[in-house]
Amino acid sequence: MISINYLRKQYKDIVVLDVEHLEIPKKECFGLVGNNGAGKTTLFRIMLDLVRATEGQVLLDGINVAKNEDWKSRVGAFLDEHMLLSYLTPDEYFETLRKIYVLSEEDLKLHLEKFEELFNGEIIGKKKYIRDLSKGNLKKVGIAAAMMGNPEVVMLDEPFENLDPSSQVRLKKLILQEKEISQVTFLISSHDLNHVTEICDRIVLLEKGKIIRDLREKSEMVEELNAYFGT
Ligand SMILES: Nc1ncnc2c1ncn2[C@@H]1O[C@H](COP(=O)(O)OP(=O)(O)OP(=O)(O)O)[C@@H](O)[C@H]1O
């Protein structure tokens, strides 16, 4: 379970995140939505200890992520391309991660097989550097990397952005499958209201850093979000 308590992030005198309390139980598919600048990425970055909060804490099963490293092997994330090693090919990158996560070659093969449909013959064995991949293919590499090593929690920032329509459908299927089989807790930020309401059990809406809705019913999610965004 992830617990967030009195979390505040301030840049100079501007408060960009102000979350009093948020609990994300295990196995939940948690969606995070909000307009540009609402604080979604900031929240994910603080949860991954990439940015330090001004006040408050994020606990993963009681572990304060800013004070202890033990959570790191249990969390996978892809926020942006800076998280990749762009001078490697995808094959080299996955092989590097395989060694870091101490997986067998067979484990890696099985993992990548799950992504075969999503990769659509464009990623593996192509000898193209990650830095030369299209934005969509780069995202696919990042998502596959985030799910490596059997993480309990996977955080994805805008996973559907830049994916072609068939890839978006394939990714949704993959997330739902993974959620069922591996019981992963997914945290997904997205501007795509249709996708996020379809796959998430719960959606939190951020406005100027504050949680203004916490939606759990599908019909309520669709209605409230369409009303809020005017879609
Ligand atoms: N290093 C920084 N210095 C100053 N302000 C920052 C910094 N990083 C983020 N911010 C501000 O924090 C606010 C929240 O940004 P964040 O990227 O978390 O929003 P977001 O909800 O992810 O937006 P988007 O949908 O556009 O990706 C924005 O106003 C942004 O300008």
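## The parallel pair β6 and β7

Val75 has Val153 in β7 as its bridge partner. The two strands concerned, β6 and β7 (residues 153-157), pair in the parallel sense over four bridges. The model described here is predicted.

Helix α1 packs on the sheet and touches β3 (29-33), β7, β8 (185-189) and β9 (202-207). The direction of α1 makes about 145° with that of β7. Helix α5 (residues 135-146) also packs on the sheet, where α5 touches β6 and β7. Between the direction of α5 and that of β6 the angle is about 175°.

## The six-stranded sheet

Strands β6 and β7 belong to an open sheet of six strands, ordered β6-β7-β8-β3-β9-β10, in which the pairing is mixed. At the edges stand β6 (75-78) and β10 (210-215); each has a single partner strand, so one side of each is left without a neighbour in the sheet. From one strand to the next, the twist averages 15°.

At the β10 end of the order, β9 and β10 pair in the antiparallel sense, and five bridges join them. One of the pairings sets Glu207 against its bridge partner Lys210 in β10. The hairpin of β9 and β10 has two residues between the strands, and Lys208 there takes a positive phi near 45°.

## The four-stranded sheet

A second open sheet holds four strands in the order β2-β1-β4-β5, and its pairing is antiparallel. The edge strands are β2 (14-24) and β5 (63-64), each of which pairs on one side only.

Strand β1 (residues 2-11) is joined to strand β4 (residues 55-60) by five bridges, and the two run antiparallel. Within this sheet, Ile2 stands opposite Leu60 in β4. On the β2 side, β1 and β2 pair in the antiparallel sense over nine bridges, and Asn5 has His21 in β2 as its bridge partner. The hairpin that links β1 and β2 has two residues between the strands; Lys12 takes a positive phi near 55°. As a general point, side chains in a regular strand alternate between the two faces of the sheet.

In the four-stranded sheet, α1 lies across β1, β2 and β4 and runs at about 65° to β2.

The ligand is surrounded by Tyr11, Val16, Gly34, Asn36, Gly37, Ala38, Gly39, Lys40, Thr41 and Thr42. To this shell α1 gives the most, with three residues. By class, the shell has three nonpolar, six polar and one charged residues.

## Helix α8 and the annotated span

Just after α8, Gly230 takes a positive phi of about 65°.

In an unreviewed UniProt entry, the annotation "domain: ABC transporter" covers residues 2-230. The end C-alpha atoms of that span lie 31 Å apart, and residues 2-230 are 36% helix and 26% strand.

Notes
Residues numbered from 1 in each chain as written. Predicted model: local features only at pLDDT ≥ 70, side-chain atom pairs only at ≥ 80, totals over all residues. Pairing = 2+ DSSP bridges. Contact = placed C-beta atoms within 7 Å. Axes fitted to C-alpha atoms, helices over the stretch in contact; angles between N-to-C directions. Near = placed C-beta within 6 Å. Nonpolar A, V, L, I, M, F, W, Y, C, P; charged D, E, K, R; others polar. UniProt positions renumbered as here; feature names shortened; annotations may be inferred.
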